Amino acid sequence: MVPDRIESEVLIEAPVDVVWSIVTEAEHVGKWFSDSAEIELEPGGKAVLNWDEYGTRLGRVERVEPPRFISFRWARPAGAEPTEGNSTLVEFTLSAEGEGTRLQVVESGFRELDGTDEEKAEYAEGNTRGWAKELGELREYVSEHVGAPARR
Amino acid sequence: MRRRGGEEDELWAAVADPTRRKLLDVLLARGEATATVLATELPVTRQAVSKHLAVLDRAGLVERRQRGREVRYAVRPERLDAAAESMARVAAEWDQRLAAIKRLAESVTAEADGSLGLRPSTTSR
């Protein structure tokens with residue numbers, strides 16, 4: 001597959017149930033993600049993420065398996081309904097670890113707008129590296145050749 | 001949260017490919033080069049080089065310079081920098097969101113009475 005994913009994870013000192021509520025309930029999503037949110041927690045359910053400063057982005061819930069997994073698509077253009085061509089997929093996975101919870105997030109599909117079929121075939125030829133690695137390489141690369149990415 | 005525009009998507013896609021990064025590398029080292037010269041330095045055909053250059057050109061990462069009958073390419077470093085920053089930003093946004101989830105969940109757990117209004121969740125499935 002194409003290298004088009006961002007992965008991140010965190011270990012949380014709270015039970016899976018609690019983390020699930022924080023991740024999925026609109027009241028909480030409006031604290032950690034957007035400024036306010038509406039979520040229909042079922043496959044095909046609508047998600048509305050509002051930012052005071054940036055406007056509204058619409059999402060669609062794809063899969064819900066309480067309290068372990070939820071995925072949704074969200075559209076890039078503000079106010080647009082998510083479609084295959086304009087959205088990325090976000091997947092949250094929760095797993096119990098000791099008394100706590102490991103929470104992993106993957107956002108993928110950044111590449112969907114890109115390029116010709118030929119190009120996609122080229123990518124598909126064994127380019128399986130994760131986005132984080134790509135990103136790390138790229139940052140290293142840029143700082144070596146161009147100067148640090150974080151400009152003064 | 002910042003919105004990603006179509007232009008930014010194009011930047012991302014352009015620099016995500018290892019061959020294109022290698023192309024940029026060679027161009028940075030040489031200052032400028034023709035597609036033919038670039039093809040001698042990379043394990044791909046001249047035709048493939050031209051396709052990759054077209055992607056980089058569309059994303060604004062290289063500029064074309066007409067030198068007599070030749071077209072030479074050169075990197076626009078400010079655009080490369082912008083691409084790296086935009087990718088780093090999206091990754092950093094998720095790190096921040098996860099950190100916020102962690103804070104919320106741990107503060108709720110610390111308050112044994114669940115006064116933030118958390119209901120017992122649908123666990124047993």
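Guide: H2(B) and H4(B) are roughly perpendicular to each other. This is a predicted model, where local features need pLDDT of at least 70, side-chain atom pairs count only at pLDDT 80 or more, and totals for chains, interfaces and linings use all residues. Residues are numbered from 1 along each chain as its sequence is written, while chains are lettered from A and ligands numbered from 1 in the order in which they are written.

Visitor: Why are H2(B) and H4(B) called roughly perpendicular?

Guide: Their axes meet the definition. The angle between them is about 85°, and the axes are 10 Å apart. Axes are lines fitted to C-alpha atoms, for helices over the stretch in contact, and angles run from 0 to 180 degrees between N-to-C directions. Angles under 35 degrees count as roughly parallel, over 145 as roughly antiparallel, 65 to 115 as roughly perpendicular and the rest as oblique. So H2(B) and H4(B) are roughly perpendicular.

Visitor: Which residues make the contact of H2(B) with H4(B)?

Guide: B:Thr19, B:Arg20 and B:Leu23 come from H2(B), and B:Val49, B:His52, B:Val55 and B:Leu56 from H4(B). Two residues are in contact if their C-beta atoms, placed from the backbone, lie within 7 Å.

Visitor: What makes H2 of chain B a helix?

Guide: Helices are DSSP runs (H or I, at least four residues), and strands are runs of E (at least two), numbered from the N terminus. H2 covers residues 18-30, which is 13 residues. Its C-alpha span is 18 Å, close to the 18 Å expected. The expected span is 1.5 Å times one less than the number of residues.

Visitor: Why is B:Lys102 called buried?

Guide: B:Lys102 has 21 other C-beta atoms within 10 Å. A residue is buried at 20 or more, exposed at 12 or fewer, and partly exposed in between, with C-beta atoms placed from the backbone. So B:Lys102 is buried. This lysine lies in helix H5 (residues 77-110) of chain B. Leaving aside neighbours within four places in sequence, B:Lys102 is in contact with A:Val10 and A:Ile12.

Visitor: How many helices and strands does chain B have?

Guide: Chain B has five helices and three strands. Along the sequence they run α-α-β-α-α-β-β-α.
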